[in-house]
Amino acid sequence: MKKSVITLALLVICKLVSAQAWSNTARYGSNSATPVIDPLGRPISNNDITKIKGTTEIYDDWMPGQVTFDNGETYKNLFLKFDLKNNLLTFSYNRTDEPQKFKDNVKVFMVNAGRERVFANGFPKFDGSNQKTYYEVIAGGKTMLLEHHRQYLKVVQEDRASTSGEYTSVKHYYLFKDQKISKIKLDKTAILAALADKHAEISAYADNEQLEYNNEQDVKKIFDFYNKLN
């Protein structure tokens, strides 16, 4: 059962990446009007973060996007924000609206900020993450390259009047292959070891295309090429 659920998630991701037709109907469930609140149940206000530099969100502004739910239903024509620190996806119908939470789990979402970026959850628990943790899908397919953005608050200083600090994010890369997830570095040794069954083909392809193993977009090309061989 677990394997079939993960396989279904991968099919959904592949469908999203291939940009097939999406439903235009805006239906998000009876809980769509629920405001974002803090742990004490108070509505989140922009005033709460004015003493902290940076943001916990992947983009400061609302970005156009689309989502796929656990049941496979897909919807577009909405604006999305993704809070890295809290692994929280919210939406609005217009950029001026208050942020709303989804009633049901969003399996895959895509945001377009000049380029399309796809995020998905449902992967095995690993390295402090769980099945609800969203990873950015750098390369989709049977063997996937994932990226996890982790948010940290550093250089916090307190006095009588204020608390100051700065949010920063650090990204880690993961390999999802044969229903297992593992950490991977963007270097030649690690990538060729992870794709060892096609070592000769991968090495020749990277050399011919002059691809760098420490460049994210080049490594995406390597994974895309590898998946075509299988």
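Q: How does K81 count, buried or exposed?

A: Burial is read from relative accessible area: buried is under 20%, exposed over 50%, and partly exposed in between (1.4 Å probe, protein chains only). K81 has 17% relative accessibility, so it counts as buried.

Q: What kind of model is this, and how are residues numbered?

A: It is a predicted model: local features need pLDDT of at least 70, side-chain atom pairs count only at pLDDT 80 or more, and totals for chains, interfaces and linings use all residues. Residues are numbered from 1 along each chain as its sequence is written, and side-chain values use heavy atoms, with hydrogens and water left out.

Q: Where does K81 lie, and which residues is it in contact with beyond four places in sequence?

A: K81 belongs to strand β3. Strands (E, at least two residues) and helices (H or I, at least four) are DSSP runs, numbered from the N terminus. Contact means heavy atoms within 4.5 Å. Leaving aside neighbours within four places, K81 is in contact with E57, D60, D61, W62, L88, L89 and T90. The C-alpha atoms of K81 and I58 are 7.4 Å apart, although 23 residues separate them along the chain.

Q: What does the charged end of K81 sit over?

A: A charge sits over a ring if NZ of Lys or CZ of Arg is within 6 Å of the ring centre and within 35 degrees of the ring normal. For K81, the ring is that of W62, with its centre 5.1 Å away. The side chain of K81 also has a polar atom 3.2 Å from the backbone oxygen of D60.

Q: How many aromatic pairs are there?

A: Rings of Phe, Tyr and Trp (its six-membered ring) pair if their centres lie within 6.5 Å; planes under 30 degrees apart are stacked, over 60 edge-to-face, and the rest tilted. The count here is 14 aromatic pairs. One of them joins F123 and Y135, edge-to-face, with centres 5.5 Å apart and 85° between the planes. F123 is in the loop between β7 (116-120) and β8 (135-139), and Y135 is in β8, so the pair ties together parts twelve residues apart in sequence. Both residues are buried. Elsewhere, F69, Y75, F91, Y93 and F102 make up one aromatic cluster.

Q: Why does the length of helix α4 agree with its residue count?

A: The expected span is 1.5 Å times one less than the number of residues. Helix α4 (residues 216-229) has 14 residues, so it should span 20 Å; its end C-alpha atoms are 20 Å apart, which agrees. At its start, a side-chain oxygen of N215 comes within 3.1 Å of the backbone nitrogen of Q217.

Q: Which residues of α4 are buried?

A: An α-helix has 3.6 residues a turn, so residues three or four places apart point the same way. In α4, the buried residues are E216, D218, V219, I222, F223, Y226 and N227.

Q: Where is phi positive in a residue other than glycine?

A: Most residues other than glycine have a negative phi. N87 has phi near 50°. N87 lies in the loop between β3 (74-83) and β4 (88-92) and is partly exposed, at 26%. Q210 has phi near 55°. Q210 is in the loop between α3 and α4 and is exposed, at 68%.

Q: Where does pLDDT stay under 50?

A: pLDDT is the predictor's confidence in each residue, from 0 to 100. It stays under 50 over residues 14-50. Where pLDDT is low, the predicted coordinates should not be read in detail. The protein's mean pLDDT is 80, and 72% of its residues reach 70 or more.

Note on methods: Polar contact = N/O pair within 3.5 Å; in protein donor to acceptor, adjacent residues only side chain to side chain.
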